[in-house]
Amino acid sequence: MRAPAGSDGLPARPGARHLSPAPGSKEASLNAAIIVFPGTNRERDMAIALERAAGRPPALLFHRETELPRGTDLVVLAGGFSYGDYLRCGAIAAHSPIMRAVREFAARGGHVLGVCNGFQILCEAQMLPGALLRNASLRFLSMDCHLRVERAGTPFTGRWQQGAVFRSVMAHGDGNYFADAATLDRLEGEGLVAFRYCDARGEATAEANLNGSARNIAGILSPNLRVLGLMPHPENYVDPLLGGTDGLPLFESLVDALAAAPA
Amino acid sequence: MTADSAPQPLPAGRARQLAAEFGLTPEEYGRVLAILGRVPSLTELGVFSVMWSEHCSYKSSKVWLRELPTRAPWVIQGPGENAGVIAIGDGLAAVFKMESHNHPSFIEPYQGAATGVGGILRDVFTMGARPVANLNALRFGDPKLPLTRRILDGVVRGIGGYGNCVGVPTVGGEVNFHPAYNGNPLVNAMTVGIARADRIFTARATGVGNPVVYVGSRTGRDGIHGATMASAEFSADAEEKRPTVQIGDPFTEKLLIEACLELMATDAIVAIQDMGAAGLTSSSVEMAGKGGMGIELDLDAVPQREEGMSAYEMMLSESQERMLMILKPGREAEAEAIFRKWELDFAVIGRLTDTGRIVIRHKGAVEADIPLAPLESEAPLYRRPTAETPKPPPLDPASVPDPVGIEEALRRLVGSPDLCSRRWIWDQYDSTVGGQTVRRPGAADAAIVRIEGHRRALALTTDCTPRYCAADPEEGGKQAVAEAWRNITATGATPLAITDNMNFGNPEKPEIMGQFAGCIRGMAAACRALDFPVVSGNVSLYNETEGRAILPTPAIGGVGVIEDAARAIGLALVPGCELVLVGATRGHLGQSLWLREIAGREEGAPPPVDLAAERRNGDFVRARILAGGVRACHDVSDGGLLVAIAEMALAGDVGATLEPPPAGIPAHAFWFGEDQGRYVLAVEDGAALLAAAAAAGVPAARIGRAGAPGGALVLPGGRSISLAGLREAHEGFLPALMEGR
């Protein structure tokens, strides 16, 4: 494995080159691996968030790898512009060598988190239903948004109450979630909508649905609740100095779920 | 002669004619003949014309740029490299520069702006730094014109399209509108990177026989003679120049950043430079020239995107996302493996020699053979005639009655093109990627970007007030530097150095050169007084269309540092704080936005900058911020005091009750005058701050108290202006202009 981060001679960054538990770290911690595709650009943000919650840095895995590190219990597809968003967002990355291993990992019940471009890749890889279209405004949207927790009690949302509202950052041009009505009905019927865009009071209004997503859907789960895709970036709200810790519960939930009971 | 055969000279008449078409004067062409001792080949003529273009040679500006202070104990690399470098503590360096892409952005706004961002990113990572922040300084024409809206839309999309994709946050910038930019918008892009202070890479090529390596995208026919195009005025046929604009690919740039930084972590690189303006020509000539070497290039080895390209086309192409490196001998395989991993082209295209010449071979023939030393030493250098801008008489505030009243003026000002919220723009830029943006656009006077793994943070800003520069270039030049210094200071950070982007009209006109010289004089004085040296910069001349010049616009990019990011403050008002104004208020209305937007006049002298007071006031404010107790701070600039307070109130969504102005200054001059060197502080203990100011000899006055969340600005006498109404005016302008909502 070659870790692309930390290659610029700067002091060690979170996430670089550590796979086995660092000396002194708790035995039961999160073994996360972030996949780095050409054009992935939020892997550092994600590594910082995971390290803050888990107390140890995740591994960074280059897309040409064909196997996940032994003991991986969470795979993360981070934000960015994999393959420059050419063809369709996430379409080329979905066929990367490592994605076969990710698909198999998920099929075995492994936990996968896809954020922003990661969500797009999960949809393109048909690990989650639907697609992310151009924002309704036809512009890139970089701003705060509010999310409402629609499904508490999952490995990703255990720290939130049902209906809790939290702030997140959105930064995407193609986050307009789309699926046919039957699929949307099924997602809602089976409780697989994880988050909806809402206003600060928790109302899922049209104004709060900045990118035009179907039924204000911001994030969805797989039927076994172990694969989550969402557009906004909870990893950018894990530090009081950087605007708050509203996104931290997602990562703490994963630590709760995975450090206790390995997949 | 080191070449095995001589280049094929052009027919003499044809060469003279082409030289003129390529922008060389007859006198300059005479120098080419003298240096070569013969008529040049087409490729040679191309090399001379781009190297001696205004854009690459700085031939009109160099004599003036030498007047700028460039040294300080913390300066590691001043002007002359790809970017400036300063030490920022913890063994780290900040690497930064600002560069214009004005001409391409007028012709093709999206690609022009996008490739502007790409080019400045390369200037920074070329030196071994990971880019951590982008900023920009933009100037557009009259917002009422459809053309202005089209250009603004394309430029903003282009900046976002490139910066968002490469994953470097765009954290700050400035925008002005003025009819002087109708035919010539300005797009100045700035990148700041972080490197280890002891691992800075330069373009100085050394080592006879060392391989010359080409990496990145393939070479195509785009951007040929872009540098020459950027060195001439526009006429009505600007549209026809579209083929000279380059096309950007931010995805390749992202791979190039990662690959270069990965290779830089080894010790395989001797020298490296990006292929920017004048592409392969300037990078090879400058690298060999800086090292006092010769260089041989084999163009057959250059990765090419199109078939049948000539040597001339390859040497002048400005295809994007390309770099040239000199490697240590025997390190080619190691380097190639890294670039192949990142799916980038890699080719050894030449060797360094000891001949002091650049020799270019293509398809078995020598296409160019030029001695490098005279290409540099004999380059034209002009001290062009200057005509001083006549000093405008100061405007007597008493001569300008207030036509609308304070409340109405404030409402109009906060919704005017130059003061309205820039949210519509920054909402299209990813300002958070990287996970270190402590203060985003609009949150503080300077963006605050923490350095990963450290408590330390950068404070970053871009500034210039062109209407001041037009009225009095020297005062305007001073003010541009002072405002950058002030914006950094207002966060609690220490200003360290600047990059400048000098945007002016046709230097062959004495009044334009007078503006240039005046701005430089003012900037130099401010840089000296504020210990704020220039470490990099860019000059963009010939910003004229149909003979009409832009306002003189010396855009300043300022960089400061704060040891603990947690101590940096923003401008959002905090409930319950007392408001204190630091700095002297005289009610200067000349060249103010109030005068232009409310009284409909653009006249008078701009506000003078008292550099001693600037320094004293700023050092006082910074010390108070770092001592704690200051909850918010905002400098007073465009629009004056009441606009500054309104901006703080809107940012915090907190109202305020204001005290009456002192006697002797008309109310509108007090509230909207643009006297310099001032800050509004929101403090927990106003009395303590006033006592400290008195002790420091700094003018300060209590001007009000912050109210509760929401609410209103309550003016002296009890009239109040609701924040909701102000917000509607402030936030409404750009969406209404650009989206019709």
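**Figure 1. Helix α11 of chain B in a predicted model.** Helix α11 (residues 279–291) of chain B comprises 13 residues and reaches 19 Å from its first C-alpha to its last, close to the 18 Å expected at 1.5 Å a residue. The expected span of a helix is 1.5 Å times one less than its number of residues; helices (H or I, at least four residues) and strands (E, at least two) are DSSP runs, numbered from the N terminus. The buried residues of α11(B) are B:Gly279, B:Leu280, B:Thr281, B:Ser282, B:Ser283, B:Ser284, B:Val285, B:Met287 and B:Ala288. Buried denotes under 20% relative accessible area, exposed over 50%, and partly exposed in between (1.4 Å probe, protein chains only). After α11(B) comes B:Gly292, with a positive phi near 65°. This is a predicted model, in which local features need pLDDT of at least 70 and side-chain atom pairs count only at pLDDT 80 or more, whereas totals for chains, interfaces and linings use all residues. Residues are numbered from 1 along each chain as its sequence is written, chains are lettered from A and ligands numbered from 1 in the order in which they are written, and side-chain values use heavy atoms, with hydrogens and water left out.

**Figure 2. The interface of chain B and chain A.** In chain B, 45 residues are in contact (heavy atoms within 4.5 Å) with 38 residues of chain A. The area buried between the two chains is about 3,500 Å², and carbon and sulfur atoms give 50% of it. Buried area is the accessible area (1.4 Å probe) that two parts lose on being put together, summed over both. On the side of chain B, B:Phe251, B:Lys341 and B:Glu452 lose the most area to chain A, together 17% of what that side buries.

Figure 3. Seven salt bridges are counted between the two chains, each a side-chain nitrogen of Lys or Arg within 4 Å of a carboxyl oxygen of Asp or Glu. One salt bridge joins the side chains of A:Asp239 and B:Arg450 (3.0 Å, N to O). Among the elements that give two or more residues to the side of chain B touching chain A are α8 (146–166), α10 (250–264) and α13 (332–341) of chain B. With six residues, α10(B) gives the most to that side.

**Figure 4. Helix α10 of chain B.** B:Asp249 caps the N-terminal end of the helix, with a side-chain oxygen 3.1 Å from the backbone nitrogen of B:Phe251. B:Lys254 lies in this helix and is buried, at a relative accessible area of 6%. Leaving aside neighbours within four places in sequence, B:Lys254 is in contact with A:Gly39, A:Thr40, A:Asn41 and B:Val166.

**Figure 5. Loop residues with positive phi.** A:Arg215, although not a glycine, has a positive phi of about 55°. A:Arg215 lies in the loop between β9 (193–198) and β10 (217–221) of chain A, and is partly exposed at 32% relative accessibility.

Conventions. A polar contact is a pair of N or O atoms within 3.5 Å; within protein, one must be able to donate a hydrogen and the other to accept it, and residues adjacent in sequence count only if both atoms are side-chain atoms.
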